[in-house]
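Have a look at the structure first, then read on.

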Amino acid sequence: MIKQTLMFTSPVSLSLKDHQIVITFKDNKDSVTRPIEDIGFVVIENPQVSISVPLLNELADNNVSVIFCDKKQMPRTMLMTLEGNTTQQESYKYQMEASAPLKKNVWKQLVECKIRNQALLLNSLGKNGDALKPYYMNVKSGDTDNREGAAAREYWSRIFYDGFKREREGESPNNLLNYGYTILRAAVARALIGSGLYPAFGVFHRNRYNAFPLADDVMEPYRPFVDEIVYHLYYDGAVSELDSQSKGKLLRVLFSDVRMGKVTRPLENALSLTTASLLRMYKGETDKLSLPMIT
């Protein structure tokens, strides 16, 4: 089932009643309700939104990601449950005991898939994605010679413009990419918790200030789905700044068509298959991740 994403850009009061979220508009006191079981993400952008603690607990119990934005309307904080799966303790054990070779194999597969999707996206845009073939055909265990970084330099100059640099504080369309990646990261973290995995135990990304390194790992092959939306916003829509319309389109990355094997499904559902396959790798039940291909 595809979960809804609720985004609040105006002052509202959010509360709980009968397992439903009650949305009360502060200007006219009218209210509407939505079943919490149908919700996957809540994005709170307006600083005048108020939310009750019982509602926050109910959202957490239903593995709903609540994303709070900063004064620049950029996603800044996530509230997520720490008990999203009934067999979490067992899953954590497998995750923490994963060997270095296993983690290197996981990272190799993630990097290879990411570069393949970058190549597929470039080809679909008429930009010679075959130039990336030498990179995804030669990824070593653990990507020890950084094929990911080498491919990225080729990729960014081709998809946007010569000299473009992917930098968090860089010029547009970096701002659009930042927003899309943050939404994607939240979705990956939610899927990991739903599969019984702990996002803080990464396979490659490591940073003492990063609470979700495993989400940063797993999202890599999904990044081109954000890139595709940003490309069309930037070139077809002449969008260089974030506004409500561009944010809405970036939020829809969660519903992008993803090909996994012979089946096409929404990205949000594909994430759950990827994270479930990662847990099976940790358990020794498979040596292959279920990974997405861009359509």
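## Charges over rings

K93 sits over the face of Y94, 5.8 Å from the ring centre. A second case involves an arginine: R190 lies over the face of F41, and here the distance to the ring centre is 5.4 Å. Keep in mind that this is a predicted model.

## Rings that pair up

Searching the whole structure turns up 13 aromatic pairs. One of them is W156 with F164, a tilted pair with 5.8 Å from centre to centre and 55 degrees between the planes. It counts as tilted because stacked needs planes under 30 degrees apart and edge-to-face needs over 60. Both partners are tucked away: W156 counts as buried because its relative accessibility is 10%, and F164 counts as buried at 7%.

F160 and Y235 make a stacked pair, with centres 6.4 Å apart and 25 degrees between the planes. This pair links distant parts of the chain, 75 residues apart. F160 is in the loop between helix 5 (147–159) and helix 6 (174–194), while Y235 belongs to helix 8 (residues 223–236).

## The bigger group

Which aromatic cluster do these residues belong to? W156, F164, F160 and Y235 are in one aromatic cluster together with Y155, Y161, Y231 and Y234.

Methods
Residues are numbered from 1 along each chain as its sequence is written. This is a predicted model: local features need pLDDT of at least 70, side-chain atom pairs count only at pLDDT 80 or more; totals for chains, interfaces and linings use all residues. Side-chain values use heavy atoms; hydrogens and water are left out. Rings of Phe, Tyr and Trp (its six-membered ring) pair if their centres lie within 6.5 Å; planes under 30 degrees apart count as stacked, over 60 as edge-to-face and the rest as tilted. Buried means under 20% relative accessible area, exposed over 50%, partly exposed in between (1.4 Å probe, protein chains only). Helices (H or I, at least four residues) and strands (E, at least two) are DSSP runs, numbered from the N terminus. A charge sits over a ring if NZ of Lys or CZ of Arg is within 6 Å of the ring centre and within 35 degrees of the ring normal.
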